[in-house]
Amino acid sequence: MSAIEKPARAAKKAAAKIAAVVEKGVRPKRSGRRPPAPVVATLERLKAAHPDAHCELVHRDAFQLLIATVLSAQSTDVGVNKATPALFAKWPDARALAAAPVEEVERAVATLGMFRQKARRIVELSRLLVERHRGAVPDRLEDLVKLPGVGRKTANVVLGVWWGRPEGVVVDTHVQRITQRLGWTKHTEPEDIEVDLMKKVPKEDWDAVAHVLIFHGRRICLAQRPNCQGCPVNDVCPSAFRAENVGRKPSRVRT
Ligand code: SF4
């Protein structure tokens, strides 16, 4: 097999696998276990249960949202929201932060994990925003992901929350866990789960689905001891009352 044939065959196999998963997802299983309910109907019920679901990172503009999202890697939104008021009071925009001494920025974000790395990153990111985009935050995925510390997930937070037009679905640890529990995906990797969600959720809900699942994960479908009894979709969830080990990260990678 040539080097060109190999990836083409792998891509074909992956596409067939995804198609099979999509089809299987709504069929009853012979084992007698509850089949996953159609995603859209379940999502509507979850939206009704969490009408206040939204991005909890405090921000005033696209720049603050982008910086807060970069800072939120391996940190909680609550922790980021404690650090950013002082940060943005001192350096409110890309031009100001690009010119900031890294040591001072380190001190401003010192309460967050990996703060040295994050401080360097947001200063460099700001510098590139000034150099490439006159200090503005771009509204295209391909431009956003070229910035340091900005992956597909961060880019889609900004595109969805600020610009209202995400080009994918944000898959964080809550979305990863709950989509597996609900039977919306058979995959475990965020990229594969995102593909499944993009196929099953209408595009106008790509931003909302992440916020709703994140709120559901924080309030009800907790990683440990999910409250299946009080869950509004326990009648259609294939993992109801046996979810403890579904969608959990293996203990060796848990931090
Ligand atoms: S029934 Fe339980 S496992 Fe299923 S979504 Fe609700 S809380 Fe999570």
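Q: Where is the place of P38 among the helices?
A: In this predicted model, P38 belongs to the loop that joins helix 1 (5-24) to helix 2 (39-49).

Q: Why does P38 count as partly exposed?
A: A residue is buried with 20 or more other C-beta atoms within 10 Å of its own, and exposed with 12 or fewer. P38 has 14 C-beta neighbours inside 10 Å, so P38 is classed as partly exposed.

Q: What makes helix 3 (residues 62-71) mostly covered?
A: Eight of the ten residues of helix 3 are buried, namely F63, L65, L66, I67, A68, T69, V70 and L71. These buried residues pack against helix 4 (77-90), helix 5 (94-98), helix 7 (115-133) and helix 9 (152-162).

Q: Which residues touch the most other members of the largest nonpolar core?
A: They are L71, I122, V158, V209 and V212, in a core of 59 residues. Helix 12 (residues 206-219) contributes the most, with eight residues.

Q: Why is this core said to lie between domain 1 and domain 2?
A: Both domain 1 (31-52 + 170-253) and domain 2 (62-162) supply residues to the core, so its position is between them.

Q: With which residues is V209 in contact, leaving aside neighbours within four places in sequence?
A: V209 is in contact with L43, V169, L197 and V201. Contact here requires C-beta atoms within 7 Å.

Q: What kinds of residues form the shell around the ligand?
A: The shell divides into eleven nonpolar residues, three polar and one charged. Of the 15 surrounding residues, the closest are C221, C228, C231, C237 and A243.

Methods. Residues are numbered from 1 along each chain as its sequence is written. This is a predicted model: local features need pLDDT of at least 70, side-chain atom pairs count only at pLDDT 80 or more; totals for chains, interfaces and linings use all residues. A residue is near a molecule or strand if its C-beta atom, placed from the backbone, lies within 6 Å of it. Ala, Val, Leu, Ile, Met, Phe, Trp, Tyr, Cys and Pro count as nonpolar, Asp, Glu, Lys and Arg as charged, and the others, Gly among them, as polar. A nonpolar core is a set of buried Ala, Val, Leu, Ile, Met, Phe, Trp, Tyr and Cys residues joined through C-beta atoms within 7 Å. Helices (H or I, at least four residues) and strands (E, at least two) are DSSP runs, numbered from the N terminus. Domain bounds come from an automatic or database domain assignment. Two residues are in contact if their C-beta atoms, placed from the backbone, lie within 7 Å.
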